[in-house]
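Keep the 3D view open as you read.

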Amino acid sequence: MKMKSWFFFCLYLVYAATIQAQNGLKLWYNQPATHWNSALPLGNGRIGAMVFGSPLDEEFQLNEETISKGSPYDNYSKNALPNLQKIRDYVFADRSDLAQALADSTMMFDRSKGKGAPYQPAGSLHVAFENHNDYTNYRRELDISNAVSRVTYDVAGITYTEEAFTSFTDQLLMIRYTASEKGHLNFTARLTYPTDNVSRRTENGNTLVMTGTTEASGSQVPGQLRFRVNALVTSKDGLVTFNDTLLSVKGASEATIYVAIATNFVNYHDITANPDERIATYMAKAGRDFEDAKADHIAFFKKQFNRVKLNLTSHQSLFSDKPTDERIRDFSSSNDLNLIETYFQFGRYLMICSSQPGGQPTNLQGIWNGKMRPAWSCRYTLNINAEMNYWPAESCNLPELHEPFIHMARELSEKGRETARAMYNCRGWVTHHNTDLWRMTGAVDHAYSGAWPMAGAWICQHVWQKYLFCGDVEYLRSVYPILRGASEFFVDYLVRDPRTGYQVVCPSVSPENSPKLYRPKQNIFAGITMDNQLVSDLFTNTAAAASILGKDVMFVDTLLALRSQLTPLRIGKHCQLQEWAEDWDNPDDHHRHVSHLWGLYPGAEISATRSPEAFEAVKTSLTQRGDPSTGWSMGWKVCLWARLLDGNHAYQLIKNQLSLVPAEKESGTPGGTYPNMFDAHPPFQIDGNFGCTAGIAEMLVQSHDGFVHLLPSLPDEWRNGEVSGLRTIGGFVIERLVWKDGRLKEARIRSTIGGNLRLRINDGIKVNNKTITIAKGVNPNPLFAVYTMPVQLRKGDNYVSLPLSTPILDNLYDISTQIGETIVITTR
């Protein structure tokens, strides 16, 4: 009996290993997608495709990163400046209702003239098959370790296979169809578009062509973005025929489709390119051997994807034989840690597929959109969402993918100079809560959300963070004008609040929230907490950059003097970190934005070791705000709880995020995850995926607080595991981090630029062949320099300034490193 049991146990292990090898880092399903939120995303940074996997009428919904409504335009209001002082006077007279009404009528760009250009689809490729209704053994999958999709099924004993990828190297969508027996592959292919403002034809007897011009974006922004889609169909052994808009393949065993997309977009102020010439360049690669092209594509992809590996399971997954949507559905009641690994890597996959050097940054949906009127126009929302898209870029070892966002910062700094002058009579540059392909920088929508001139400060945090992770002074020199210009704006825009004496940003808003109990339907105020954090961070970083570069000594003095005059962080009557300068927070406010907690994450002005009172106040605020929320908000909360050193709470937010939301649900709360693993706000917003990926990295390694902290927020359920490839400030790479029973076992850390490595580890450590010292004082590595905002505590009707805390130096070790050296650490 024992031998028989052992035999079946061994058979099970072989079966489990086979299933794991088959499914690995794959999203897979046993039925076609019937909704966009179930389709699977392919992308190469420039073009995207959503694959539905239908055996009857397959659809590849297409996108190209520059297809947008409108054309180059300016959107600042010329009525803002004449009314700016009156708006401020209303705020300082505690009449924010009047300030908001005046801002609505004078600061906002006329919505009828243009309110931001929506990102648009490039149409769809449809492939229809004859007599495939009675299919069996269906499987649809996306291999996120290779960036290849695959569909297989049987009809009447014949196996049909579809394989597709968006080539990084050839800039084409390539699709291959095969039948297991000759002569049985028959289909038609056509290009479609959601509206009729396109023209379609065939060329050369084997190529579908669709051309169009996007629509206007408001009465003063004509549609001038021209695009072209080509689809070449080839077959080794079948007959390809055509009519005006259709290609047919008959009697084949194999056929390949090559899709190219091109536009006339050059940059935000130039649309003089020729899409026909561009398409010819792309189509020169069409006809390549599919396997050769796939090998080149995978090799390119793996150079980026394979840098980071995460393993939370010491055994083969017991859940890999379940379709992905069922695993998401059952996650809360299972211990499916392999799904966490897949979800983490899916975020990195999406970044690789939607953001490549030289291209556009990822928008609200990455590069994937099938609607003419997508939610929030599928633009760049700058009061959280666009920045959140890039939270994993540095820590998750995809630094070159940060470049499109940094380049957009450069473009906004150019476009925003005229806006700063015309709207506010300020030097430097400004941009508000939204931008688009044309880099609009004026205030849009309503004053409630749009009268927010802070986006430049937040964007500049990314510009600075990139330097902290790489230490490249030449990079810093190239981006310093962006930092200086943003700081110049706030030097001029800050104004003394006559009620408090502090320098304040006014008018401004706390993004999309208001103190409803105290000021119903009012949102425009002065000295808002997030604004103070953002300006403090910007001035600190710009001053540091200037000092490193040996520039602008007097300007640095100005920045630091103004920084000292900003409203301090304030702890209110509920022991919370106040969202506004006034103590207006409501413990029952469960708003999705937690903007006043920016200084903990993604900022670093608040920490457990340097400002324990503010740290605890953040915890109180976050607890009061609650866990249930929209998808992207839960991603932010994962990061915040990780910074609060509470891995169990961070993991609970991940569990909440990995709740299955039906593909058809595109509104309402709470958020979660769609069947295709896209974040559900709902609707789909890609920032939630990126936020959770960044949050998982924060749970394992942090470096914002003046040192590298290993396993700072490890959940109890992640008792054993290993991660490799994460990056930290100071140019360090975690080549291997292993833990067992919840405690560090071994770490290998490579120094790419040398310098002091200050480590926080909760256990005693041994370092091979290196001198280790107990850390004292400030970290001598300047890349780890930190600034702590002052804090005030409410006492009755007044506020009392708290003394600056002495940083806690427990469990801190210093190790001197050389360029290229790997430090091996084990615990005692």
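This is a predicted model. Start with helix α18, which covers residues 647-657, and helix α19, which covers residues 687-700. α18 passes α19 in a left-handed crossing. Gly 647, Ala 650, Tyr 651, Ile 654 and Gln 657 make the contact from α18, and Cys 692, Ile 696 and Met 699 make it from α19. Sorted by class, this contact has six nonpolar residues, two polar ones and no charged ones. The two axes come within 11 Å and cross at roughly 155°. Angles over 145 degrees count as roughly antiparallel, and α18 and α19 are therefore roughly antiparallel to each other.

Stay with α19 and bring in helix α7, residues 337-354. The axes of α7 and α19 come within 9 Å and cross at roughly 125°. That angle makes α7 oblique to α19. The crossing of α7 past α19 is left-handed. On the α7 side, the contact uses Ile 340, Tyr 343, Phe 344, Phe 346, Gly 347, Arg 348, Leu 350, Met 351 and Ser 354. On the α19 side, these meet Gly 688, Asn 689, Phe 690, Cys 692, Thr 693, Ile 696 and Ala 697. By class, the contact of α7 with α19 has 10 nonpolar, five polar and one charged residues. Cys 692 and Ile 696 of α19 touch α7, and Cys 692 and Ile 696 also take part in the contact with α18.

Gln 304 is found in helix α5, residues 290-305. Gln 304 touches Arg 348, along with Ile 352, Gln 356, Leu 398, Glu 400 and Leu 401, when residues up to four places away in sequence are not counted. Is Gln 304 buried or exposed? Its relative accessibility is 5%, so Gln 304 counts as buried.

Now turn to the aromatic rings. The structure holds 33 aromatic pairs. One of them joins Trp 464 and Tyr 467: the ring centres are 5.2 Å apart and the planes are at 40°, so the pair is tilted. Both residues lie in helix α12, residues 455-470. Trp 464 and Tyr 467 are three residues apart, about one turn of the helix. Both are buried. Elsewhere, ring pairs link Trp 36, Phe 168, Phe 300, Phe 301, Phe 305, Phe 346, Tyr 349, Trp 368, Phe 678 and Phe 684 into a cluster. Phe 346 of that cluster is also one of the α7 residues that meet α19.

α12 packs against helix α14, residues 529-549. Their axes are 9 Å apart, at an angle of about 40°. α12 and α14 are therefore oblique to each other. α12 passes α14 in a left-handed crossing. Trp 464 and Tyr 467 belong to this contact, with Ala 457, Trp 458, Cys 460 and Gln 461 of α12. Their partners in α14 are Met 530, Leu 534, Asp 537, Leu 538, Asn 541, Ala 544, Ala 545 and Ile 548. The contact of α12 with α14 divides into 11 nonpolar, two polar and one charged residues.

From Met 530, step across to Ser 595. Ser 595 is in contact with Met 530, Ser 510, Pro 511, Gln 533 and Trp 636, leaving aside its neighbours within four places in sequence. Ser 595 is found in the loop between β22 (569-571) and α16 (612-625). Its relative accessible area is 0%, so Ser 595 is buried.

The loop between β22 and α16 also holds Pro 602 and Cys 575. Most residues other than glycine have a negative phi, and most peptide bonds are trans. The peptide bond from Tyr 601 to Pro 602 is cis, with omega near 10°. Cys 575 has a positive phi, near 65°. With a relative accessible area of 52%, Cys 575 is exposed.

Two further backbone spots lie in other loops. The peptide bond from Cys 506 to Pro 507 is cis, with omega near 0°. Pro 507 is found in the loop between β21 (503-504) and α14. Gln 171 has a positive phi of about 60° although it is not a glycine. Gln 171 lies in the loop between β8 (158-166) and β9 (173-179). At 18% relative accessibility, Gln 171 counts as buried.

How values were computed: Residues numbered from 1 in each chain as written. Predicted model: local features only at pLDDT ≥ 70, side-chain atom pairs only at ≥ 80, totals over all residues. Heavy atoms only, no water. Axes fitted to C-alpha atoms, helices over the stretch in contact; angles between N-to-C directions. Helix = DSSP H or I, 4+ residues; strand = E, 2+ residues; numbered from the N terminus. Parallel < 35°, antiparallel > 145°, perpendicular 65-115°, else oblique. Left-handed = near helix turned anticlockwise from the far one by under 90°. Contact = heavy atoms within 4.5 Å. Nonpolar A, V, L, I, M, F, W, Y, C, P; charged D, E, K, R; others polar. Phe/Tyr/Trp six-rings, centres within 6.5 Å; stacked < 30°, edge-to-face > 60°. Buried < 20%, exposed > 50% of the residue type's maximum accessible area, 1.4 Å probe, protein only.
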